[in-house]
Amino acid sequence: MHKSYGVNEIREMFLKFYETKEHLRLPSFSLIPQNDASLLLINSGMAPMKPYFTGEVEPPRHRVCTCQKCIRTGDIENIGKTSRHGTYFEMLGNFSFGDYFKKEAIAWCWEFLTSPEWLGLEADRLYPSVFAGDETTPADEEAFEIWNKDVGIAAERIFRFGKADNFWEHGSGPCGPCSEVYYDRGPEYGCGKPDCTVGCDCDRYIEVWNNVFSQFDNDGQGNYTELKQKNIDVGAGLERLACVSQNVESLFDIDTVMNITRKVSGITGATYGQSHQKDVSLRVITDHIRSATMMICDGVLPSNEGRGYVLRRLLRRAARHGKLLGVDKPFLFEVCAVVIQENASAYPDLKEKEPYITRVIRMEEESFAKTIDSGMRIFTEMLDGHKEKGEKTFSGADAFKLYDTYGFPIDLTA
């Protein structure tokens with residue numbers, strides 16, 4: 001059995017490891033993208049590095065490592081319903097801008113994951129995958145050979161997958177095959193099907209590492225040419241590694257996140273693990289307050305558009321789930337203290353800005369409470385009006401008016 005490490009320990013261990021491999025440790029970039037209109041919020045470890053990858057900007061060093069704060073809200077409706085979705089997460093990454101390539105990236109990834117002085121996971125539970133190739137792009141035999149011959153992994157333990165799983169590209173521009181590493185959490189997490197193996201949709205085999213080999217340029221028409229400067233972009237989800245290291249069910253059970261949930265339980269009286277419905281609310285509140293605290297610290301303020309609306313929506317969803325648990329007064333501002341405490345060792349500016357973050361959250365909660373009270377009255381009048389006319393559908397125009405004029409959230413109307 002491997003040793004269990006806390007989230008803060010794993011983050012520091014990863015960065016230290018890559019410093020021993022001559023990487024420059026950079027602090028996390030802000031969640032607000034700088035000079036990049038294509039993104040509302042930073043959503044991956046490599047997103048703030050784009051200028052270094054393209055060569056537009058000279059990097060501070062050709063080997064760097066980071067732990068990057070990320071927000072993804074594409075599947076916000078699933079948050080809480082499943083144990084694997086979260087809006088805020090941290091991505092560990094090591095990057096090479098025209099320096100080392102596949103051989104080193106794979107060797108170091110294996111060393112960090114399995115070496116007893118680092119993460120020390122069981123080698124026989126880890127399975128790499130490589131790109132299988134297709135009609136436009138050749139199979140990544142080089143990565144296969146490195147795993148097989150250099151690392152010494154038996155051929156039948158190396159999985160070959162297609163573009164959907166093992167090729168990273170985003171429209172036109174730099175792209176390339178990737179090699180992921182999966183951890184087998186054991187049959188108790190599986191679906192029980194006889195053919196369950198790496199790549200199955202169940203929770204048994206969890207991807208913990210992704211080595212992206214940026215070696216081609218895609219012209220947008222599906223034509224690939226070799227890049228002069230080949231790059232390495234590695235992403236490893238901190239929360240996922242913590243799940244595996246701590247041998248817990250989900251990201252909601254890892255140490256730093258569970259401590260936030262305990263605080264929410266203390267305020268609401270709802271205990272995690274007692275009912276599915278209450279668990280959904282506890283997870284939504286825990287996840288959204290983590291995201292909101294980090295966003296406010298980086299300078300996002302609640303508003304009705306852009307990233308400000310993302311923040312407002314997260315805070316209001318969390319407040320609404322507080323109501324479902326029977327809390328009728330502002331309470332999220334009290335929870336943010338635990339978020340700050342759990343993350344301050346990595347992000348000291350959280351502590352400095354604590355009074356400010358608390359105030360922003362409290363003001364948003366108070367204004368939302370007023371919005372809900374007045375909005376509910378108007379919503380009820382509109383609903384009665386539809387019923388009197390014998391209508392079975394609440395009109396889109398009314399839903400929009402509620403949102404646009406009275407600030408009443410669309411998901412609440414729904």
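**Ser265**

I started with Ser265: setting aside neighbours within four places in sequence, I find Ser265 in contact with Ala270, Thr271, Tyr272 and Leu282. By contact I mean heavy atoms within 4.5 Å. This is a predicted model, so I kept its limits in mind: local features need pLDDT of at least 70, side-chain atom pairs count only at pLDDT 80 or more, and totals for chains, interfaces and linings use all residues. Residues are numbered from 1 along each chain as its sequence is written, and side-chain values use heavy atoms, with hydrogens and water left out.

Ser265 sits in helix 7 (residues 255–268). Helices (H or I, at least four residues) and strands (E, at least two) are DSSP runs, numbered from the N terminus. I have Ser265 down as buried because its relative accessibility is 17%. My cut-offs: buried is under 20% relative accessible area, exposed is over 50%, and partly exposed is in between (1.4 Å probe, protein chains only).

**Lys102**

Next I looked up Lys102, which belongs to helix 3 (residues 102–114). Is Lys102 buried or exposed? I get 2% relative accessibility, so Lys102 counts as buried.

What does the side chain of Lys102 make a polar contact with? I found the side chain of Asp140, at 2.8 Å. A polar contact here is a pair of N or O atoms within 3.5 Å; within protein, one must be able to donate a hydrogen and the other to accept it, and residues adjacent in sequence count only if both atoms are side-chain atoms. Leaving out neighbours within four places in sequence, I listed the contacts of Lys102 as Asp140, Glu142, Ala143, Ile146, Pro177, Phe213, Gln215 and Ile232.

I then went through helix 6 (residues 238–246) and found eight of its nine residues buried, so the helix is largely enclosed by the rest of the structure. The buried ones I wrote down are Leu238, Glu239, Leu241, Ala242, Cys243, Val244, Ser245 and Gln246.

Just after helix 6, I noted that Asn247 takes a positive phi of about 55 degrees, although Asn247 is not a glycine. Most residues other than glycine have a negative phi. Asn247 is in the loop between helix 6 and helix 7, and I count it as partly exposed because its relative accessible area is 45%.

**Asn35**

Last, I checked Asn35, another non-glycine, with a positive phi of about 50 degrees. Where is Asn35? I placed Asn35 in the loop between strand 1 (24–25) and helix 2 (50–54). Its relative accessible area is 85%, so I marked Asn35 as exposed.
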